[in-house]
Each structure stands twice: as C-alpha cells, then as structure tokens.
Amino acid sequence: MNATTTAHDAPLLYTLPEAAALLRISRTKLYELLTAHEIESIHIGRSRKIPSAALHDYIERLRIEEER
C-alpha cells in the first residue's frame with residue numbers, strides 16, 4: 001500500500017481532472033465549485049489536490065439540499 005491509497009485501494013487525494021471525471025462534470029465546472037468553496041482542495045507544493053472526503057462531503061450536501 002502506498003501513501004496515497006487506503007487499504008481498499010481508494011485514493012486519498014485526487015487530481016483535478018480525476019475529481020471532475022468522478023463527479024462527471026467538466027474541469028471548468030470543478031474550478032467554479034472550488035472558487036465558490038463548495039469543494040475543499042489542498043496544495044502540496046504547487047500541485048492542487050482534492051481529498052476524497054471533500055468529494056463525499058460535497059455529494060452529501062447536494063443530497064441534503066435535494067431533500068429540502
């Protein structure tokens with residue numbers, strides 16, 4: 001197991017193109033969500049990554065809003 005995967009081989013961090021693909025949205029839309037602080041991101045050096053938990057949190061917020 002390497003440092004970026006969990007015991008279930010799910011990455012802890014995603015690149016922006018990977019996160020956009022997982023959410024089935026364009027990279028442009030992902031940048032809009034990041035700018036609006038709808039999705040958390042972190043910087044490692046000059047690289048911007050999105051924690052897998054941030055994607056789960058965003059989806060959960062959407063589901064809660066949908067129920068209202």
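Here is a chat that walks through this predicted model, from its overall layout down to single residues.

Me: In what order do the elements of the protein run from the N terminus on?
Reply: Let's start with what there is to arrange: three helices and three strands. Reading from the N terminus on, the order is β-α-α-β-β-α.

Me: Which strands stand at the edges of the sheet?
Reply: The three strands make an open sheet with antiparallel pairing, in the order β1-β3-β2. An edge strand has a single partner, so one of its sides is left without a neighbour in the sheet. That describes β1 and β2.

Me: At about what angle does α3 run to β3?
Reply: Picture helix α3 laid across β1 and β3. Its direction compared with that of β3 gives about 55 degrees.

Me: How far apart are the end C-alpha atoms of helix α3?
Reply: Helix α3 covers residues 52-67, which is 16 residues. At 1.5 Å a residue, it should span 22 Å. The model agrees with that, as the end C-alpha atoms are apart by 23 Å.

Me: Which residues of α3 are buried, and what covers them?
Reply: The buried ones are Ser52, Ala54, Leu55 and Tyr58. A general point to keep in mind is that residues three or four places apart in an α-helix point the same way, because there are 3.6 residues a turn. The cover over the buried residues of α3 includes β1, α1, α2 and β3.

Me: Is serine 52 buried or exposed?
Reply: Serine 52 lies in helix α3. Leaving aside neighbours within four places in sequence, it is in contact with Pro11, Leu12 and Tyr14. The cut-off for buried is under 20% relative accessible area. Serine 52 has 18%, so it counts as buried.

Me: Which residues does alanine 19 touch?
Reply: Residues up to four places away in sequence don't count here. What's left is Tyr14, Leu30, Ile50 and Leu55.

Me: Is arginine 24 buried or exposed?
Reply: Arginine 24 sits in the loop between α1 and α2. Its phi is positive, about 60 degrees, although it is not a glycine. Exposed means over 50% relative accessible area. Arginine 24 has a relative accessibility of 71%, so it is exposed.

Me: What is the relative accessible area of histidine 37?
Reply: Histidine 37 is in the loop between α2 and β2. It has a positive phi of about 60 degrees without being a glycine. Histidine 37 counts as exposed because its relative accessible area is 70%.

Me: What share of the protein's residues is buried?
Reply: The protein exposes about 5200 Å², with carbon and sulfur atoms supplying 52% of that. Of its 68 residues, the buried share is 24%.

Notes. Residues numbered from 1 in each chain as written. Predicted model: local features only at pLDDT ≥ 70, side-chain atom pairs only at ≥ 80, totals over all residues. Heavy atoms only, no water. Helix = DSSP H or I, 4+ residues; strand = E, 2+ residues; numbered from the N terminus. Expected span 1.5 Å × (residues − 1). Buried < 20%, exposed > 50% of the residue type's maximum accessible area, 1.4 Å probe, protein only. Contact = heavy atoms within 4.5 Å. Areas by Shrake-Rupley, 256 points an atom, 1.4 Å probe, with all protein chains shown as cover. Pairing = 2+ DSSP bridges. Axes fitted to C-alpha atoms, helices over the stretch in contact; angles between N-to-C directions.
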